[in-house]
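This note is intended for a reader who is new to protein structures. Please keep the sequence and the model in view while working through the numbered points.

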Amino acid sequence: AGDFAWTKDVLATCYKAPAPEHAHGFMEGLSLHYYTLPEDDWSHKGSATDFDEKSYYKTLSKTWYMKELIEKHATIMDEYDPKKEIGMMVDEWGCWYDVEPGTNPGFLYQQNTMRDALVAGINLNLFNKHSDRVKMANIAQMVNVLQSMILTEGEKMVKTPTYHVFDLYQVHQENDLLASSLETEQVGLEDEYMVPNLTESVSVDANGVLHITMTNVDLEKAYPVEAVLLGKEAGEIKAEIVTGHMQDKNTFEAPETVGVQGFDGVQATKEGISFTIPACSVLHIAVK
């Protein structure tokens, strides 16, 4: 304790904190952490796999808080850093549930389902659409812990629904963000935990290919989409989808329950493209 107090005194003497308007000269990024918990009690966060529709929509409504966090933090950062030289680093995010029964509580091992696939898609679309400020975004863990992309058991390995969403979204890397918008409606259960039915983000790669990623969180309803592409005529179209029941998951016994599938429901139109996005799904469309 004495050493700590001495160190603190020395630091206080040697370092003078900069005024807020000059903080950008002393930092490269601002760290933002936010975890999605289905319940409000950290000691009982809810099951990763045993949940109902109410818990599903409650989880998604809580993950939507990320939008408010990003936008309000960005507003404050813009006041002191109008040139956006400082990155917002969302370096911990994802779903945090109770550990799987029978596993070590300290290891934070949990499964993940199509619910987590939607959480991943929503957040990645948000990060894309705010990429002028969000310069880095790291899901909390990659292997076995929290909303991981890979689960292992000895020599066995399984890819989670979250893995497959990341697989879809990797096409946005190094691309230019394009302005996009959607007409949405609120969905939920008995007016509780209402969330937008659809989200999207759009980018263009170095070869001029448009990449559209979308989520549909509605558990029952598919939605027809008529997309207008300004300044571009749709040529070759390829699409992939991750979809299933909200509780679908991949296990060591059934590792391919959830995965990326081809999607041939996208048609070129005079103004762009049209398609119907299935219920409980994450979709990627590439348009040459």
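1. How many bridges join β6 to β9? Strands β6 and β9 are joined by three bridges and run antiparallel. Two strands are said to pair if DSSP finds at least two bridges between them. Strands (E, at least two residues) and helices (H or I, at least four residues) are DSSP runs, numbered from the N terminus. Within this pairing, L177 stands opposite S203 of β9.

2. A word on the basis of these values is needed. The model is predicted: local features need pLDDT of at least 70 and side-chain atom pairs count only at pLDDT 80 or more, while totals for chains, interfaces and linings use all residues. Residues are numbered from 1 along each chain as its sequence is written, and side-chain values use heavy atoms, with hydrogens and water left out.

3. The protein has five helices and 16 strands. Its radius of gyration (taken over C-alpha atoms) is 21 Å, close to the 19 Å that the globule rule gives for 288 residues, so the protein is as compact as a globular protein of that length; the rule is 2.2 Å times the number of residues to the power 0.38. The C-alpha trace spans about 70 × 50 × 45 Å along its principal axes. Of the 288 residues, 46% are buried, where buried means under 20% relative accessible area, exposed over 50% and partly exposed in between (1.4 Å probe, protein chains only). Among contacts (heavy atoms within 4.5 Å) with a separation of 6 or more, 73% are between residues 24 or more positions apart.

4. The pairing in point 1 belongs to an open sheet of six strands, in the order β6-β9-β10-β16-β12-β13, with antiparallel pairing. The edge strands, β6 (176-178) and β13 (261-262), each pair on one side only.

5. Strand β9 pairs with β10 in the antiparallel sense over seven bridges, and V204 has L210 of β10 as its bridge partner. Five residues lie between the strands of this hairpin, where G208 takes a positive phi near 85°.

6. Helix α2 (residues 53-63) is mostly covered, with eight of its 11 residues buried. The buried residues are S55, Y56, Y57, K58, T59, L60, K62 and T63. They pack against β1 (29-36), α3 (65-80), β2, α4, β7 (186-189) and β8 (192-196).

7. How many aromatic pairs are there? The count comes to six, by a rule in which rings of Phe, Tyr and Trp (its six-membered ring) pair if their centres lie within 6.5 Å; planes under 30 degrees apart count as stacked, over 60 as edge-to-face and the rest as tilted. One of the pairs is Y56 with Y57, which is edge-to-face at 4.9 Å centre to centre and 85° between the planes. The rings of W93 and F166 have centres 6.4 Å apart and planes at 10°, so this pair is stacked. It links distant parts of the chain, with W93 in strand β2 (residues 87-95) and F166 in helix α5 (residues 161-169), 73 residues apart. W93 is buried at 1% relative accessibility, whereas F166 is partly exposed at 23%. Ring pairs also link Y35, W42 and W96 into a cluster.

8. Finally, a residue in a loop: is G231 buried or exposed? G231 lies between β11 (223-228) and β12 and is exposed, because its relative accessible area is 90%.
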